Each structure stands twice: as C-alpha cells, then as structure tokens.
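Open the model in your viewer and keep the sequence panel beside it. This tour tells you what to select at each stop and what is there.

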Amino acid sequence: MKRLLLPLISIMFLLAACQPQSDYHRLDLEEITISELQNGYENGEFTIQDVTDAYLKRIEAIDQFGPQLNSMIYVNPKAMDVARQLDEELQAGNKRGPLHGIPVVLKDNIDTYDMPTTAGANIMKGSVPDQDAFITQKLRDAGAIIIGKANLSEWANFHSSFSSSGWSALGGQTHNPYDLTRNPCGSSAGSGAAASANLAVFAIGTETNGSITCPSSANGLVGIKPTVGLLSRSGIIPISHTQDTPGPMARTVEDAAIALGTMVGMDEADSKTAASEGNYQTDYTQFLNADGLEGKRIGLWTGSLGGHHRVDTLMHETVRFLESKGATVIEIDQISSENVGGDSFQVLLYEFKDGLNKYFASLGDDAPVKNMAELVDSTLADSAEMHYFDHNLLITARNKGGLDSEEYTNALARMNKYTREEGIDKVMDENNLDAIIGPTGGPAWKTDLTNGDNFAVSSSSPAARAGYPNITVPMGFIDGLPVGISFFGRAWSEPELIEIAYGFEQATKVRKAPEL
C-alpha cells in the first residue's frame, strides 16, 4: 500500500496543477485584449467572476506550480469579491470606465491599501499603506481589478553594485516565460513576465532607467515609459524624483494606450504632474493609426548598436522595413555631446535617500523603518538579504547629504541640459525628426546570481535621463527570445509615438505568446 501511495499522490498533484488551466482555456483568454473582454462581458459570453477566477487559477498553475515563473509576490485574496461587485454594477447598467472588470497586476513598489507594498525587501514584509497610490486609485476608478502584486528587482534594482534583475529577498528570482533559465530583465521583471505569460490582461511597471522598456522587450511586450509627470508617482516607493515614472506593460499597443489614458491626471502630492496640464489625453486610442509610419522622419541612434551583431542585423532589417512603409530614416551618431551618466548616478543617489526617507515618513507609526540609516542597518544584519548581493548602493546613498548639496544641484543641472535642450530636443530639431529609434535590448541572458546582469544592448538612457517618453514594441526573435525596438522623442510626445508604434505593430505582428 505504501508503494502505491506516492504515485497516487503524484497523480493527484499533477491533476490539480493541470485543472486550473482548463477554465482559462475554455474561456479562450490567452492573448485576449481589453476590448475583447469588454465585448464578452456585454454579450454575456462570460462574467467578470468567470474571468477573474480563471486568471487566479492560471497564476496558481503557471506561477506557483508548473513552470514556476515566480513573477507574483502577492495574490489579492479579495479579487473575487471585487469581481462580484463589478458584475453587479455592470448588471445594473453602471460601467465604471474602460477597464471595468479587467484583471491587472501592479509592481510591488506601488501602494495598495488592501495589500502589502514591499519593494521585495524582507524588512518591508507585511507593510500595508493606509491608502492607494494615485495611479492605483485611478485604475480602480476605471474598473480594474488589482489581481495581485508582481515580484521585482529589490528596491527597483537600486540596491547593489551588482544584482540579478527580477531577484528580491522576499520574492526570490523571477524567470523569463520564453526560457525559464533566462532573465526577465529590469526591475519590473515580474510585471513583464506576468503580462507576457497571460497571468493578467496587462501590468503596471515603473522605470528610472530601462525598467519598463527592458522587461517589456525581454518578455515580448509593448511598454510605455511616459514623460515624467504624465503619471503621478505619489504612493510609489521611489528612486528618483527626476527620472521615476510608472507605465503600462501590455501585449498590444492598444491595450497599453487604454491603460495609459486611465492613469493620467494632476496630483497635488506630486509636483511634477503640474506640467502635465494641457499635455495629457484621457483617451490615447484616438492616435492608433495603422498607417502611422507613413511620412515620418525617424532618427536611428547608431550609438545603441554594436553590442550584439544579431541585434544589429535585426535592427538594420527593421530600418529597411520602416522605409518600405513610407518612413524616412536618418542615422544619428550621437544624441548628446556630453556623457552625463555620472551625473545621473549622483542624482539617483541623492534622490533615493531623500525619497525613501519621505516614503517611510508617509507610513506613519506603522513604518517598518524610520529612515535610510535604519534600512541599511537592518539590511546588513539580514543574512538572507546579504546572501547574494552586497547592497552597496544603499550604503552609498545613505552617506549622501541633502538636496541642497552643490554636488547634487550641479549634477542635476548638467543632466537636464545635456539630455534635453542640448540632447534630444536639439537633435530632433536639427533633423526635423518625429522620433528616434534603437534596439530596446538584446535577447535575454542566462540568469546568474553569482555574476549578476549582462546588459549588452540598451537604448533607454537618453529618454530616461531626460524624463522623456519611450515606447518599446516587439521587433523580432533571436533563437526564440524576443527583442524590442524603442521609439522615443520630445516631452509630451506620447500621441506621436503611439501612432508610430501602432503603425509598426500592425504592419509586423511580431508578438508570439510564450509556450511555457
């Protein structure tokens, strides 16, 4: 009898692991879009509870068991209650907005009043803020179901002199759904893996430099890194007041555009959003033009090439394709005459300390630590935190002064000057450009907790440091691994970039779901 017991248990476990996918496939949810879900709700093909339950079961089957993507750090235990309420509202003729009944995943540095917000750090385990982040409330107002929180690179990957993207002490290592041995890239790694693996309709990530665009590229997604100030950062665990922004990560440009429009708005708690007045749209789908490449002048930033010969080949093939669709492509050797990488690094160190101190203060008496100094002490004393990585960036940031420091103000001024008026603005004006392009990244590298990340290809820095918009779209595959193309440009040029990105997406249809 004992000999039969273990096989029977194994069979029961396999059946249980496979069963959660049945509802998901029965409802035909794979790669489903926001518009298709809304049509299904209106036509009575399925209920919001049906869809939410199917996604929850898929998370269990794909993320927690089966392939074990490990992209989710927390699943909302009240998701079905929310779905039930939204069904009732819809039946009563009350539709909250364009995301009514749409399951969404948030990166776990974005505050939710009903779930922990941890940045992946052990010290933050169980830290539940009193209120939603501004964009979280916007999503709920539009009818979204926050189905859970995505794993991330701890402290949004600004914690160690070397690190592995997608690793956090609290959540472990997230895996790439196209190849579980590969890295999902960037600090929004869990958001990228979850959205790509169809664990939600879309996800929200955050970026300081590359953390929306890189995981979107590595996971075969569309990612919109908006102009800093288009979306509020209040209620988001910060790195940089100057460079941080949240943004949508989705499987289509249309879904990303819908999500973007629901989150815009001026927020008194975030001074950067004041500049968005008159510069935002609540409906970006009006810019979805299938002929969006026709007549566009696009600059190819050659400085983003040279890191991977097969990526370069794919990029040059894409340039020829863009030209075949009516775009004019001009090679741009450099965007700025000055290297401001060191200035950006100093800005991040100073603003990280200032921003974290303010965030901890916002948690009141429930804050797990009161300031950056306490955070460093608790991290260095935690063997699990120190097992792989040194957390030297936390120490370096702790030792910085205030934002009145001459080192900080000089670095900020130089960075802004040479990335904006003497950078992207200048090169676009001189060449009469509608956008600039470059490969978003290379094919995902093998995850390596000993040596850390391997960023051989990246084009995120110019737009990230300027605080300007950047949209990545799937461009092709190399050995089965997705690679994206980035379209970036002037401040508040989201409408033009969405038009171009949509035109490219509709002409290529590159996205393929991971097979898992």
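Select K95. This residue is partly exposed, with a relative accessible area of 40%; here buried means under 20% relative accessible area, exposed over 50%, and partly exposed in between, with a 1.4 Å probe and protein chains only. K95 sits in the loop between α5 (79–91) and β2 (103–107). Helices (H or I, at least four residues) and strands (E, at least two) are DSSP runs, numbered from the N terminus.

Which residues is K95 in contact with, leaving aside its neighbours within four places in sequence? Select Q38, E42, L90 and H100 to see them. Contact means heavy atoms within 4.5 Å. Q38 is 57 residues from K95 along the chain, and the C-alpha atoms of the two are separated by 10 Å.

A word on what you are looking at: this is a predicted model, in which local features need pLDDT of at least 70 and side-chain atom pairs count only at pLDDT 80 or more, while totals for chains, interfaces and linings use all residues. Residues are numbered from 1 along each chain as its sequence is written, and side-chain values use heavy atoms, with hydrogens and water left out.

Now colour the model by pLDDT, the predictor's confidence in each residue, from 0 to 100. The average for the protein is 95, and 96% of the residues score at least 70. Where is confidence lowest, and where is it highest? Helix α1 (residues 2–18) has the lowest, at a mean of 41, and strand β8 (residues 245–250) the highest, at 99. Select residues 1–21: pLDDT stays under 50 there, and the model has 10 contacts beyond four places in sequence for this stretch. Where pLDDT is low, the predicted coordinates should not be read in detail.

Next, select helix α7 (residues 189–196). Is this helix mostly covered or mostly open? It is mostly covered, with 8 of its 8 residues buried. These are A189, G190, S191, G192, A193, A194, A195 and S196. To see what they pack against, show β1 (72–75), β2, β3 (145–150), β6 (202–207), α8 (213–218) and β8. Just after α7, N198 takes a positive phi of about 60°.

Two further residues have a positive phi. Select E31, which is not a glycine but has a phi of about 65°. E31 lies in the loop between α2 (20–26) and α3 (34–43) and is partly exposed, with a relative accessible area of 25%. Then go to L516, again not a glycine, with a positive phi of about 50°. L516 is in the segment after α17 (494–508), and its relative accessible area of 38% makes it partly exposed.

Finally, zoom out to the whole protein. How many helices and strands are there? There are 17 helices and 13 strands. The radius of gyration is 22 Å, close to the 24 Å that the globule rule gives for 516 residues, so the protein is as compact as a globular protein of that length. This radius is taken over C-alpha atoms, and the rule is 2.2 Å times the number of residues to the power 0.38. Along the principal axes, the C-alpha atoms fill a box of roughly 75 × 55 × 50 Å. Buried residues make up 59% of the 516. Of the contacts between residues at least 6 apart in sequence, 76% join residues at least 24 apart.
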